[in-house]
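Subject: Structure handover and notes

Dear colleague,

I am passing on the structure below, and I would be grateful if you could read these notes beside it.

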Amino acid sequence: MTSENTTNKVALVTGANRGIGLEIARQLLDKGMRVIATSRSGDRIDELAGFEHVDVQVLNVGDDSSVKRLADYVEQQYGGLDVLINNAGIALDKWVPALSLKLDDYRATMETNLYGVLRCCQAFVPMMQRRGSGRVVNLSSELGSLTDVQMGSSLAYRSSKTALNSLTALLACELKDFPDILVNASCPGWVRTELGGDDAPLSVAEGADTAVWLATLPAGGPSGGLFRERAPYPW
Ligand SMILES: NC(=O)c1ccc[n+]([C@@H]2O[C@H](COP(=O)([O-])OP(=O)(O)OC[C@H]3O[C@@H](n4cnc5c(N)ncnc54)[C@H](OP(=O)(O)O)[C@@H]3O)[C@@H](O)[C@H]2O)c1
């Protein structure tokens, strides 16, 4: 499936200051998109300094007022949004068994990885509905899949991604009357970032690839799916 013409489309990436989010922002800029690269600090992102069409903005996905402020800005500045990449994520309970998991860590994980995505969808998808087109990409994980659970631990992180998969499928269903709004989730694989660690086999370029492909799907592309290496992956 070839990608659509992306020149001058407006894309917003959460958690774009490092890791996979930074690489997604870079690849979308390379495709000629105007990219709102967001970070919690709002500091300049040096790696994106050479691009003309980058707009660095503050966004904490865990904060209602931060999401609302940015939505107002995007509406005023760009008149809408074409692509939303829900990339920001945390993993507070790596290797922690469920029986030892601190409930506060569970709540904090959900606040960012699930409610943060829902907040952003609620703020930005109505802009896509007004235009009748848009692409939403949620960064999920193989670890959220319930098809083949072989390893215990990391309940908070993993179930936040399982719930994110559910959000992806249900939102795609709710948007069936808008056939050119495509909502999908991407498994990046195990990627060398602060979250993935140094032993991960994949580069950020490899980890960003499927998300960028989903962000640039042509009209008629899939919606409501989970994809890894540009192919469907079991929930
Ligand atoms: N790396 C992997 O192997 C892997 C595998 C599967 C899925 N993923 C998923 O891919 C996504 C990106 O992961 P990564 O490996 O690039 O992680 P990372 O290097 O740790 O980067 C995470 C990004 O999320 C941001 N963030 C965290 N909480 C936020 C909040 N409340 N508001 C806004 N931004 C926030 C961080 O900002 P700060 O700099 O301010 O902390 C950072 O920019 C995540 O959703 C992750 O679950 C990664």
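Helices (H or I, at least four residues) and strands (E, at least two) are DSSP runs, numbered from the N terminus. On that basis the chain has five helices and eight strands, and from the N terminus on its elements run β-α-β-β-α-β-α-β-α-β-α-β-β.

Please keep in mind that this is a predicted model, in which local features need pLDDT of at least 70 and side-chain atom pairs count only at pLDDT 80 or more, whereas totals for chains, interfaces and linings use all residues. Residues are numbered from 1 along each chain as its sequence is written, and side-chain values use heavy atoms, with hydrogens and water left out.

As to overall form, the C-alpha trace of the chain spans about 50 × 35 × 35 Å along its principal axes. A compact globule of 235 residues would have a radius of gyration near 18 Å, and the 17 Å of the chain agrees with that (the radius is taken over C-alpha atoms, and the globule rule is 2.2 Å times the number of residues to the power 0.38). Of the 235 residues, 51% count as buried, where buried means under 20% relative accessible area, exposed over 50% and partly exposed in between, with a 1.4 Å probe and protein chains only.

The sheet

Two strands are said to pair if DSSP finds at least two bridges between them. The eight strands form an open sheet of mixed pairing, in the order 3-2-1-4-5-6-7-8, and its edge strands, each pairing on one side only, are strand 3 (54-58) and strand 8 (231-232).

Strand 4 (residues 83-86) has Val-83 and Ile-85 pointing one way and Leu-84 and Asn-86 the other, and all are buried. Strand 4 pairs with strand 1 (residues 10-13) in the parallel sense over three bridges, with Val-83 as the bridge partner of Ala-11 and Ile-85 as that of Val-13. Strand 4 also runs parallel to strand 5 (residues 134-139), joined to it by four bridges, and here Ile-85 stands opposite Val-137. Together with helix 3 (residues 103-131), strands 4 and 5 make a right-handed β-α-β unit; right-handed means that, with the strands pointing away from the viewer, the path from the first strand over the helix to the second runs clockwise.

A right-handed unit is also made by strand 5, helix 4 (residues 155-174) and strand 6. Strands 5 and 6 run parallel over six bridges, one of the partner pairs being Asn-138 and Ala-185. Strand 6 (residues 181-187) is largely enclosed by the rest of the structure, because seven of its seven residues are buried. Beyond that, three bridges join strand 6 to strand 7 (residues 226-228) in parallel, and Cys-187 has Arg-228 as its bridge partner.

The ligand

The ligand is surrounded by 28 residues, of which the closest are Asn-17, Arg-40, Tyr-157, Val-191 and Thr-193; a residue counts as near if one of its heavy atoms lies within 4 Å. Oxygen atoms of the ligand are found 2.8 Å from a polar backbone atom of Asn-87, 2.9 Å from a polar side-chain atom of Lys-161 and 2.7 Å from a polar backbone atom of Val-191. Taken alone the ligand exposes 900 Å², and the protein buries 93% of that, with areas from the Shrake-Rupley method and a 1.4 Å probe.

With best wishes

Conventions:
A polar contact is a pair of N or O atoms within 3.5 Å; within protein, one must be able to donate a hydrogen and the other to accept it, and residues adjacent in sequence count only if both atoms are side-chain atoms.
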